[in-house]
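Thanks for coming. I will walk through one structure and keep to what can be computed from its atoms. Please have the sequence and the 3D view open.

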Amino acid sequence: LSAGDGQTGAFWLDAAPAWSLPNAKWRGTVVYRSSDGVSFADYTAITTAVAWAKTVLPVHQRWGVWDEDNVLDVLVQSPGLEFESRTELEVLDGANLLLVGQEIIQFAEAEQLGPSEWHLSKLLRGRRGTEWAMATHQVGESVLVLDPATLARASSLDEVGLSRLYLAVSIGSDPSLAEAVAFTNEAASLKPYAPVHVRGTRNGAGDLT
């Protein structure tokens with residue numbers, strides 16, 4: 001269970017330990033939430049298709065524009081998961097959305113290299129305000145397929161700033177073996193993205209606007 005970016009009611013499940021072996025097939029997870037660490041209630045179920053990074057995704061100097069210098073090779077773990085090339089317009093409209101480690105990216109071109117290996121290129125980096133995570137990548141990190149319709153889960157504003165414990169249990173696993181992880185909802189999705197295209201001019205008095 002990873003903390004994600006603090007979006008309102010949103011966090012991301014990283015079930016890598018459950019499917020890190022080459023022959024393992026992850027079936028999804030059930031998430032429980034607790035405010036006191038004793039009583040856990042059903043919160044949601046996640047059956048997101050997963051893969052893992054075979055290569056390190058390098059830093060791209062400019063986020064929010066097409067990254068045609070770097071590529072990502074992934075190994076698929078979810079049965080039947082296939083990637084598809086899409087047009088630039090389709091990607092800009094929200095297609096091919098992935099969570100790689102903690103960075104959300106999109107890709108336009110997908111090439112299958114083997115039965116479970118894919119080569120993804122022509123990337124859009126730092127999506128949804130995750131440009132801060134571009135320098136955090138490593139080999140073997142999780143790659144989750146995201147559905148734009150369910151990317152965030154709304155919750156009451158009363159939950160903002162309050163720590164809650166989340167228990168992610170892979171389907172078919174013993175809940176007593178899972179370790180609860182604390183997550184504080186900071187409502188980052190209600191805050192503006194980082195500024196871009198900053199320019200300045202000076203008037204006759206030297207004041208900077």
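A salt bridge here is a side-chain nitrogen of Lys or Arg within 4 Å of a carboxyl oxygen of Asp or Glu. Before I use that, two remarks on where the values come from. This is a predicted model, in which local features need pLDDT of at least 70 and side-chain atom pairs count only at pLDDT 80 or more, while totals for chains, interfaces and linings use all residues. Residues are numbered from 1 along each chain as its sequence is written, and side-chain values use heavy atoms, with hydrogens and water left out.

Now the salt bridges. By this rule the count comes to 7 salt bridges.

Lys122 forms a salt bridge with Glu88, and their closest N and O atoms are 2.2 Å apart. Helices (H or I, at least four residues) and strands (E, at least two) are DSSP runs, numbered from the N terminus.

Is Lys122 buried or exposed? Buried means under 20% relative accessible area, exposed means over 50%, and partly exposed is in between, with a 1.4 Å probe and protein chains only. Lys122 counts as buried because its relative accessibility is 15%. Glu88, at 38%, counts as partly exposed.

The second pair also involves S8. Glu117 forms a salt bridge with Lys54, the closest N and O atoms being 3.0 Å apart. Glu117 is in strand S8, and Lys54 is in the loop between S3 and strand S4 (66-67), so the pair links parts of the chain 63 residues apart. Glu117 is at 17% relative accessibility and counts as buried, whereas Lys54 is partly exposed at 40%.

Arg125 belongs to strand S8 and Asp67 to strand S4, 58 residues apart. Both Arg125 and Asp67 are buried.

The network is made of Arg33, Glu159 and Arg164, which are linked by salt bridges.

Next, the strands. Two strands pair if DSSP finds at least two bridges between them. An open sheet of 4 strands has the order S2-S1-S10-S11, with antiparallel pairing. Which strands are at the edges? They are strand S2 (41-46) and strand S11 (181-184), each pairing on one side only. From one strand to the next, the twist averages 35°; axes are lines fitted to C-alpha atoms, for helices over the stretch in contact, and angles run from 0 to 180 degrees between N-to-C directions.

Inside that sheet, strand S1 (residues 29-34) and strand S10 (residues 163-170) run antiparallel and are joined by 6 bridges. Val30 stands opposite Val169 in S10.

Thr29 also lies in strand S1. It is buried, with a relative accessible area of 3%. Its side chain makes polar contacts, meaning pairs of N or O atoms within 3.5 Å; within protein, one must be able to donate a hydrogen and the other to accept it, and residues adjacent in sequence count only if both atoms are side-chain atoms. The side chain of Thr29 reaches the backbone oxygen of Val169 at 2.7 Å. A polar atom of that side chain also lies 3.4 Å from the backbone nitrogen of Ser170.

Strand S9 has its own partners. Strand S3 (residues 50-53) runs antiparallel to S9 and is joined to it by 3 bridges, with Ala51 opposite Val143. Strand S6 (residues 97-100) pairs with S9 in the antiparallel sense, over 3 bridges, and Leu99 stands opposite Leu144.

Where is Thr136? It is in the loop between strand S8 (117-127) and strand S9 (142-145). Thr136 is partly exposed, with a relative accessible area of 38%. Its side chain reaches the backbone oxygen of Ala133 at 2.7 Å. Thr136 and Gln102 are 34 residues apart along the chain, and their C-alpha atoms are separated by 7.7 Å.

That is the end of the tour. Thank you.
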